[in-house]
Amino acid sequence: MKRNTMIWFAALSVMVLASCGKSGRPEFGDNEYPVMTVGIQNAESETSYPATIKGVQDVEIRPKISGFITRLAIQEGQTVGRGQLLFTIDNATYVAAVRQAQATLNSAQAAVNSAQAQLATATLTYQNSQQLYNNKVIGDYELQTSRNTMNNAQAALNQAKAGVAQAQAALTNAKEQLAFCYVTAPTSGIVGNLPYKQGALVSPSSNPAVTTISNNSVMEVYFSMTEKDMLAVTKTLGGSNAAVSSFPAVKLRLADGTMYSHNGTVTKASGVIDPATGSLSMIARFDNPEHLLKSGGSGSVVVPHVNSRALLIPQSACTTVQDKVFVYKVDKNNKVHYSEIKVAKQNDGKNYVVTEGLSVGDKIVSNGITKLTDQMEIKPITPERYQKKIDEQAKSMTAGDIVNGMKK
């Protein structure tokens, strides 16, 4: 029973303290409000940009020849290595062409052998005729005839060798055409869709491609940054080239809202602003060792922003009216003044970065502002003293005080 009472008392305490927070400040019985002095601090924020994920190398696969698919050696989503067989094209015609080219080459080689034999015979005949001519057995006519026969035999041999070269080229071409029937992966990666099945007719102009191989060891994430944001980064980092090379590491928020475990590096930035969108195209690279990222996926690139000279104030010191932000400035006479300020859009959920309306050294009420009115005179205390009084008041409250507070 004692334990249940304690639990009930603790629960009521939390409720009353929460109620005090909603009303703006605890009941101190005085006119004390926490006042802080605005100063320069480091502020960190981030901006998200919609992004599209692609493999660092997406290769569309099409055959170099036309034909019917006789075998699919892969499946969608399969990991393949460079040179691995993907599919085959009907090769009967190309096998026959290779055989014919080989036969032509064999015939041409035989012609070379015959021409070489004829040249050897003609050369020997000429040499004998030369000796007979020197011994004045035959005349000029006979010697010239043997010389012409030898020259003709040499020309025939040259022609036969040219025929061999031509036949060899034809055989090489036929073998190459046959090799085109076996389509292999030009790079390692993941197999995409397979819109064509076994028996389908494909060609070099097939649309869509037979498949796509995506190298997803590293992924490229495409996003667009607004001109205003890019100008801010460029000014901070010192020039457009420096903006890319010195760009801070970026993060990737996946489609399910979780944050990707590896940071990315911005590698490319368009030098031209799209007039239709007022933005620049950017590319960031992310390592993908777990192969979690898939080509064609989506997400958001998260770009951090660090401001080393920010006027940072707590959101508890501000009130918002129709998208306008106001604070209570405190003058030297401890009177408060309801003043509009402007803050950066990016924030951490606890503080605002002031862009206009406040200066270093200004004093503002940091909490409990809902009971303030313009020109009201207060008793300034430090935020630490304010928190201490809250803690003291919470400890001193009795169960009856809690019940009464709830009734109020």
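## Helix α2 and the cores

In this predicted model, the buried residues of α2 are Tyr94, Val98, Ala101, Leu105, Ala108, Val112, Ala115, Leu119, Ala122, Tyr126 and Ser129, and the buried residues of this helix pack against α3. Just after α2, Lys136 takes a positive phi of about 60°.

The largest nonpolar core has 40 residues, and those with the most contacts inside it are Ile61, Val80, Leu86, Phe87 and Ile89. At least two residues of this core come from each of the elements β2 (40-61), β5 (85-89), α2 (92-134) and α3 (140-179). Apart from this core lies another, of 22 residues, which includes Ala51, Ile53, Phe247 and Leu293. In soluble globular proteins, nonpolar side chains tend to be buried together.

Leu86 illustrates the packing in more detail: leaving aside residues up to four places away in sequence, Leu86 touches Ile61, Leu72, Ala73, Ile74, Val80, Val183, Thr184, Ala185 and Ile213.

| Residue | Relative accessible area | State |
|---|---|---|
| Cys181 | 0% | buried |
| Cys318 | 12% | buried |

With a relative accessible area of 12%, Cys318 counts as buried because the cut-off is under 20%.

Conventions. Residues numbered from 1 in each chain as written. Predicted model: local features only at pLDDT ≥ 70, side-chain atom pairs only at ≥ 80, totals over all residues. Heavy atoms only, no water. Core = buried A, V, L, I, M, F, W, Y, C linked by side-chain atoms within 4.5 Å. Buried < 20%, exposed > 50% of the residue type's maximum accessible area, 1.4 Å probe, protein only. Helix = DSSP H or I, 4+ residues; strand = E, 2+ residues; numbered from the N terminus. Contact = heavy atoms within 4.5 Å.
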